[in-house]
Amino acid sequence: MMYHAESFAENEFSTDIICYGGSTPIPSLIRPNVEIRYIPEPPQWLRNMPFLISAPIKVVLQVLSIFIELFAKPEPPEFILVQNPPSIPTLGIVWIVARMRGSKVIIDWHNLGYSILAMRFPKHGERHPLVMLAKWFEATFGRTAYAHLFVTEAMREFLVEWNLQGQKVVLYDRPPRRFCQTSPQGIHELFAVKLQAKLALQPSLKGFLPDSDPPYSSAFTTTDASPCEHRIGMIDPIHSGVKAPLLRNDRPALLVSSTSWTADEDFGILLEALGTYDASARAVGSKLPKLLVIVTGKGPLREKYMAEIGALQKTWERVRCISLWLEAEDYPVLLGAADLGICLHASSSNLDLPMKVVDMFGCALPVCALNFDCLHELVNDGKNGLIFKDASQLAEQMKTLLTGFPDCPRLAALRSNLQPTVERSRAPSHSRSPPPQHVSEDTWEPWDENWARHVRPLILQDVRRNEG
C-alpha cells in the first residue's frame, strides 16, 4: 500500500494514507503532497478477551476511526484505494463513503478475508456462520468498485463468479527499484555498523560467528587490513574506499525468512528442516556451512516460536536462528545480502502470492518456497527457486544448494536467472512517455513501471474524462 501511495504521489495526486502506526514509512513518502494519518490502535485489554467478544468491539472502534478520517477534509477524495483483506469493516466503510462523497473505489484484492477468518474455526471452516457472514459482506461491498486489482490470474478467475463490476486488472506485486543485490560494501555497513549492536545482544550467537572487529570487519566481511592500521587513521573502510570490503570465505551462509508470525505460515516446517540440516552438517563437516537464519517481521506467534527455537538450538551446533525487526531502508539491504530466502506462506485461499518472495526476487535472492496451488505464477521451480512440500524436502534443498559454500553452483545458477531483476530502465513512473506495451515474460519490471503499465491508465483516463 505504501508503494501504491508513492505511485499516486509521483503522478501529482494529493495523497492521504490512513493506517495504523508502528513502523517507519518508506522515505519516498516524506514529501509535500503526502499526508499520513494514523488511526488509534485497539485498546490493549481487548487482546485478552475471547475473539467472539473482542472482534465486534474492535470493528466498532475501527468504523468510528476510519469514518472520522475519511470525512476529515472538506474536499472529497477522487479515488479511495483499499487493500483487501481486511474486509470487515473496511470494504463497507469505503462503499458508504464513496456514495456519500462521490469517490471512486479501487480494491486491491490481495487475498480473501473470509478464507483467513475460516482458519480460526478449523472444525467448520467456511461453513461456520461467522465465516459465511464474512463472505457475504466481502462479496456484497466489494462488488461495485470502480476498479479491481488482482494479485494473481487465479484470483481474477475465481472472483468472476462474484459478478464484480468495474474494470478488472491483474497487477502482480513487484518490488521498487531500491530492492537489488547488495554489494560487499553494503553488506559490510549493514553487519559491521547498523546491525552490530543487535547481533551482539543475541546470546545464541556468542562463539558461533567468526571473530570480527567492528566496524573494521564483520562476521561476513573483511577490509583485509589489520585493526591497528585503521586505528591510526590509515584506512576508513566505511568512507575512504581505500580498501573495499570483501566477503569472508569463512562466513556462515545467511538465510532470511520474512514472516507475519500468523497461523497461515507453519514455522514448524522450517524448525524441523533446520534440525535435519544441523545433523547433516555435523556429519559431513566443512562440506556444509554454518547457517545463520534471520527471521524478520512482527506478529502474534513470534514469542511462541522464538521460545521453541531457543530450546531447540541449545542442541544445534551448526545452525542459529534469530528474529530481527528492520527499518524500511535496511530490509532490502538484508535481502540483497542473503544467500537464500525461505518462504513458508501457505495461502488461506490458494489465490494470493507471497510479497516476501517478490521482494527477494527483486534483490536477486533465490527462494525455497512452500508449495500451494497458484505459486507457479511467481516461482518457476528450478529456474528462480525451488518448491518444497514438507520439512524433509526443504532440508534436502538447503543441503543441495549450499554444499561447497561459498562456491555453490546450483545456488549461483538460480541467482543468475534472477539477474534481469536488477537490470532496469530508468524511466520514472510519472514520465509522460508511456511504458512499452509488450514485455518479455523473463523481464522483471520494477514496481513503478508495472504500476504505470496497469494502473496509471485507469486513473488518468478517468481524470481526463472528468476534466473534459
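This is a predicted model: local features need pLDDT of at least 70, side-chain atom pairs count only at pLDDT 80 or more; totals for chains, interfaces and linings use all residues.

Author: Residues are numbered from 1 along each chain as its sequence is written, and side-chain values use heavy atoms, with hydrogens and water left out.

Reader: Which side chain of opposite charge is nearest to D339?

Author: D339 is found in the loop between helix 12 (331-337) and strand 12 (340-343), helices (H or I, at least four residues) and strands (E, at least two) being DSSP runs numbered from the N terminus. D339 is buried, that is, under 20% relative accessible area with a 1.4 Å probe and protein chains only. D339 has no salt bridge, a term for a side-chain nitrogen of Lys or Arg within 4 Å of a carboxyl oxygen of Asp or Glu. At 4.5 Å, the nearest side chain of opposite charge is R251.

Reader: Which backbone nitrogen does the side chain of D339 reach?

Author: Not counting residues up to four places away in sequence, D339 touches (heavy atoms within 4.5 Å) several residues, including R251, P252, L411 and R415. At 2.8 Å, its side chain reaches the backbone nitrogen of L254.

Reader: Why do the buried residues of helix 15 line one face?

Author: In helix 15 (residues 409-416), the buried residues are L411, L414 and R415. They line one face because, seen down the helix axis, they fall within an arc (of the directions from the axis to the C-beta atoms) of 100 degrees.

Definitions and conventions:
Buried means under 20% relative accessible area, exposed over 50%, partly exposed in between (1.4 Å probe, protein chains only). Lys and Arg count as positive and Asp and Glu as negative; His and the chain ends are not counted. A polar contact is a pair of N or O atoms within 3.5 Å; within protein, one must be able to donate a hydrogen and the other to accept it, and residues adjacent in sequence count only if both atoms are side-chain atoms.
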